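Trainee: I am new to this structure. Please take me through it by question and answer.

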Amino acid sequence: MKLQENNLNGLWGSLLIEELVRNGLDFFCLAPGSRCAPLTVAVASHPKARNVRHYDERGAAFHALGYGRATGRPAVLITTSGTAVANVWPAVVEASVDRIPLILLTADRPPELRDTGANQTIHQAGFFGPYVRWQMDLPCPEKSFAPATLLTIVDQAVYRSLRSPKGPVHINCMFREPLDPVRSGEDFAGYLAGIASWLAGDGPYTQYSFPSPEPDPGSFDQLTAALNNVERGLL
């Protein structure tokens, strides 16, 4: 596995996409723009990431919804910032009420550019309200934020999307410029040292187990036998 290490934005995008793929989510629906470039480049660079591109966010969102409905696995929808996010609202609501898993990665402007009256901007954090199973407003990429924490956020998002009741989750990703993969000359070896074992492996950073919706009939016999052999038990 080779991460994109041209700059910190690219590295974060690469970590996010790699961890999604390690969780078995390899289908990405892209409605790209400039702000989500670190995510788009990470998808395009990943050898296991399949993607479809659509100029209209609404169309991309419903494509992702259809994939989730057909497979029972979440597609990953990536959009740029601003009013682009509002266009995926109908698909998110439908995914929520129909219990269809979906992962949303929405690029966003940094905090200093919020509430500045910039064209087409909206408040993206918490935008989907009660129609998502879980949401996270990520900070801008910075070295004070451990990469292990970033990976666990991805794992949590996948778990929340797939556990009962399934549904959409939203990770809002703020990025400062540069948004394109220009080389910064930074050395990220020390920053990545804490996830050396993850880098050397091919599994997700955090493993979640999902209870079976239909227990094995034999398990009832085992439970009955165990309870019958207890003189003073508590269930």
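Trainee: Over how many bridges do strand β4 and strand β6 pair?
Mentor: Helices (H or I, at least four residues) and strands (E, at least two) are DSSP runs, numbered from the N terminus. Two strands count as paired if DSSP finds at least two bridges between them. One of the bridges here has I103 with V169 of β6 as its partner. β4 (residues 102-108) and β6 (residues 168-174) run parallel, and their bridges number seven.

Trainee: What kind of model is this, and what is left out of its side-chain values?
Mentor: This is a predicted model, where local features need pLDDT of at least 70, side-chain atom pairs count only at pLDDT 80 or more, and totals for chains, interfaces and linings use all residues. Residues are numbered from 1 along each chain as its sequence is written, and side-chain values use heavy atoms, without hydrogens and water.

Trainee: Which strands stand at the edges of the sheet?
Mentor: The open sheet has six strands with parallel pairing, in the order β2-β1-β3-β4-β6-β5. An edge strand has a single partner strand, so one side of it is left without a neighbour in the sheet. The strands in that position are β2 and β5 (134-138).

Trainee: What does the twist average from one strand to the next?
Mentor: Axes are lines fitted to C-alpha atoms, for helices over the stretch in contact, and angles run from 0 to 180 degrees between N-to-C directions. From one strand to the next, the twist averages 15°.

Trainee: What angle does the direction of α2 make with that of β1?
Mentor: Contact means heavy atoms within 4.5 Å. Helix α2 packs on the sheet and touches β1, β2, β3, β4 and β6. Its direction and that of β1 make an angle of about 140°.

Trainee: And which strands does helix α6 touch?
Mentor: Helix α6 (residues 147-162) also packs on the sheet, and its direction makes about 160° with that of β5. The strands it touches are β4, β5 and β6.

Trainee: Which residues of β1 are buried on each face?
Mentor: Buried means under 20% relative accessible area, exposed over 50%, partly exposed in between (1.4 Å probe, protein chains only). In a regular strand the side chains alternate between the two faces of the sheet. Five of the five residues of β1 (residues 27-31) are buried. One side has F27, C29 and A31, the other F28 and L30.

Trainee: Which residue of β3 is the bridge partner of C29?
Mentor: β1 runs parallel to β2 (residues 50-53), joined by four bridges, and F27 has R50 of β2 as its partner. Four bridges also join β1 to β3 (residues 75-79), again in parallel. In β3, the partner of C29 is L77.

Trainee: Which residues of α2 are buried?
Mentor: The cover over the buried residues of α2 (residues 37-45) includes α1 (8-22), β1, β2, β3, β4 and β6. The buried residues are A37, P38, L39, T40, A42 and V43.

Trainee: How far apart in sequence are the parts tied together by R50 and D26?
Mentor: A salt bridge is a side-chain nitrogen of Lys or Arg within 4 Å of a carboxyl oxygen of Asp or Glu, and a search of the whole structure finds eight. R50 and D26 form one of them, at 3.1 Å, N to O. R50 lies in β2 and D26 in the loop between α1 and β1, so the parts they tie together are apart in sequence by 24 residues.

Trainee: Are R176 and E112 buried or partly exposed?
Mentor: These two form a salt bridge, with the closest N and O atoms 2.8 Å apart. R176 is in the loop between β6 and α7 (189-192) and E112 in the loop between β4 and β5, 64 residues apart. R176 has 35% relative accessibility and E112 has 44%. Both R176 and E112 count as partly exposed.

Trainee: Which cysteine sulfur is closest to that of C36?
Mentor: A disulfide is a pair of cysteine sulfur atoms within 2.5 Å, and the count by this rule is zero. C36 is buried, at 0% relative accessible area. Its sulfur is 9.8 Å from the closest one, too far for a bond, and that sulfur is in C173.

Technical notes: Right-handed = clockwise from strand over helix to strand, strands pointing away.
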